Amino acid sequence: QAGGTLHRASLAPSPFPSCASNAPATGRTRRQRMVSHSKLGLTAAAAAAALLLVPCAIKALRQKEGKQKAEKVVFEFGGPVGAYATMISLPGVIYFLYYACGKDFKVPGIDLRVLSGMRLPSPSELISSRACAIFGGWFTWQVLLERILPGKVVEGVDLAAAGGKGRLKYRMNGHLAFWTSIAALGACRDRLSVLYDEFPAIAGASILFSFGLSSYLYATSFTDGALLAKGGNSGNPIYDFFIGRELNPRIGTFDLKQFCELRPGLIGWVALNFGMMAKQYQNTGRVSGSMALVNLFQGMYVWDSLYQEQAILSTMDITTDGFGYMLAFGDLAWVPFTYSMQARYLVDHDPNLSPLSLAALALCGIGGYAIFRASNSEKDQFRRDPSHPKVKDLKVLEVKNYQTGRTSSLLVSGWWGLARKINYTGDWLMAWMWSTTTGCPVISKGSILPYFYPIYFAILLIHRAGRDDHFCSEKYKEGWKEYKKRVPYLFVPYLF
């Protein structure tokens, strides 16, 4: 949609009524379509050039200020070429999921052949001043909440393992920010439907902002004294821009990485879901069971992240990864605009599931959440206080940490004695439940595209587990091999 008016490209007759208009294309329509496609191609080419030239220009201008020498690193994501391809392709995936599963076009079942009839957008649909105002206002609102709401100040992990000194302090008021945002969104009521109307343009605003933020982060990483992430100082500007060069970039006491990890994108995901629910109610006069279930369980998932906010301080994203395009784009664009796909799909293609089906899905979601929360709580409690009554009887394996020279304790009983990534298993079960609310693509009138999230998530979790395994094998060496003998299963106990 552009300016509130729906524009359809005239396509050849299709056996799928929801896919396109059957009217033959006129000469004028074909010319307009060619011009639109040319503009879209030029826009994509300009974006690809910017992703190549901007990091190189920043390094050329700023490298004299930074005294840190490049280090030999083990490239991830296919090295510089893979990083560049990822930066180019992932924004396209966001738009593909929108236009391949929207109001007037959807992939029926698993038949991807109909994608040849998918309408390509015009550049004017991908960004707008209204969308920029919405995104800018939302981001600013979250910054203000982080700054002004009360909350305790806690210390993060010791920076010695990363080559730094001491511990950074973090403001913990995310849970209060979540409920404050929910109250503000509730006050907007049906006006939230604008999030459905402006969805692709708001996504464009977030992608553009992510690129700008990544440019700022890369430029400031050359400041003398900046603590660089291991693996983020390869010397290749494309790779370092993507993977993140500085470990904990801050503006005063405002930690950019920790803020973006939980606030604008995650709570923004809930805001988008609310907007989809408002649009469904505006269109039909009711909120369906599937829509209610998706909003409830995804909202609970985000709430859990904010309620357990302090736990993120010991995760790999905070302790190990630099803050660059990978996390900035992932936090601000990828998460809210791909994870909200089920709610957006339900606006126009609700399967009207039976109460029994909805109840079964709810039980699946509760089971997945129980595994996810119980395992993470056990791990977090053990990290904070191994002598706590809830975890003091758990069995551990003592191994040497070759990065700090100290001894580390690895859990080999309880939830973490069942599988090394048991929390991922619960997370993945929840992902399947969310997608199944849209119907089954094989035996009903559903579509495979709303299942993109659990499919992608499985790939992400396997990749993440591989990264963790490599990181821990270097950190603990022979001790890690012994640990894997004690806990041989990765995701599913006694099966995988």
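**Close-up views of a predicted model**

**Figure 1. Strand 5 and strand 6 form a hairpin.** In this predicted model, 6 residues lie between the two strands, and G405 in the turn has a positive phi of about 80°. Strand 5 covers residues 396–400 and strand 6 covers residues 407–411; they run antiparallel and are joined by 5 bridges. E398 stands opposite S409 in strand 6. Two strands pair if DSSP finds at least two bridges between them. Helices (H or I, at least four residues) and strands (E, at least two) are DSSP runs, numbered from the N terminus. Residues are numbered from 1 along each chain as its sequence is written, and side-chain values use heavy atoms, with hydrogens and water left out. Because the model is predicted, local features need pLDDT of at least 70 and side-chain atom pairs count only at pLDDT 80 or more, while totals for chains, interfaces and linings use all residues.

**Figure 2. Strand 1 and strand 2 run antiparallel.** Strand 1 (residues 152–155) is joined to strand 2 by 4 bridges. V154 stands opposite Y170 in strand 2. Strand 2 (residues 169–172) has a covered face, made of Y170 and M172, and an uncovered one, made of K169 and R171.

**Figure 3. P200 is placed in helix 6.** This helix spans residues 199–220. P200 is buried, with a relative accessible area of 2%; buried means under 20% relative accessible area, exposed over 50%, and partly exposed in between (1.4 Å probe, protein chains only). Leaving aside residues up to four places away in sequence, P200 touches Y95, Y98, Y99, E125 and L126, where a contact means heavy atoms within 4.5 Å. The C-alpha atoms of P200 and S128 are separated by 9.4 Å, although the two residues are 72 residues apart along the chain.

**Figure 4. Y98 and Y99 form an aromatic pair.** Rings of Phe, Tyr and Trp (its six-membered ring) pair if their centres lie within 6.5 Å; planes under 30 degrees apart count as stacked, over 60 as edge-to-face and the rest as tilted. The structure holds 35 aromatic pairs. In the pair of Y98 and Y99, the centres are 4.8 Å apart and the planes stand at 85°, which is edge-to-face. Both Y98 and Y99 are buried.

**Figure 5. A cluster of aromatic residues is linked by ring pairs.** Its members are F211, Y218, F222, F241, Y325, F329, W334, F452 and Y456.

**Figure 6. R344 lies over the face of F199.** The distance to the ring centre is 5.2 Å. A charge sits over a ring if NZ of Lys or CZ of Arg is within 6 Å of the ring centre and within 35 degrees of the ring normal. R344 is one of the buried residues of helix 12. Helix 12 (residues 341–349) is mostly covered, with 8 of its 9 residues buried. Among them are M341, Q342, Y345, L346 and H349.

**Figure 7. K477 is found in the loop between helix 16 and helix 17.** The two helices span 452–476 and 478–486. The charged end of K477 sits over the ring of Y402, 5.5 Å from its centre. Phi of K477 is near 55°, a positive value in a residue other than glycine. K477 is partly exposed, with a relative accessible area of 41%.

**Figure 8. F77 is found in the loop between helix 1 and helix 2.** Helix 2 spans 79–99. Phi of F77 is near 60°, a positive value in a residue other than glycine. At 29% relative accessibility, F77 counts as partly exposed.

**Figure 9. C364 is in no disulfide.** A disulfide is a pair of cysteine sulfur atoms within 2.5 Å, and by this rule the count comes to 0. The cysteine sulfur nearest to that of C364 belongs to C440 and is 14 Å away. The sulfur of C440 has its closest cysteine sulfur in C364, and the 14 Å between them is too far for a bond. C364 counts as partly exposed at 33% relative accessibility, and C440 is partly exposed with a relative accessible area of 29%.

**Figure 10. Confidence along the chain.** pLDDT is the predictor's confidence in each residue, from 0 to 100. The chain has a mean pLDDT of 88, and 93% of its residues reach 70 or more. Confidence is lowest in helix 1 (residues 27–62), at a mean of 84, and highest in helix 3 (residues 129–148), at 97. Over residues 1–23, pLDDT stays under 50, and the model has 38 contacts for this stretch beyond four places in sequence.
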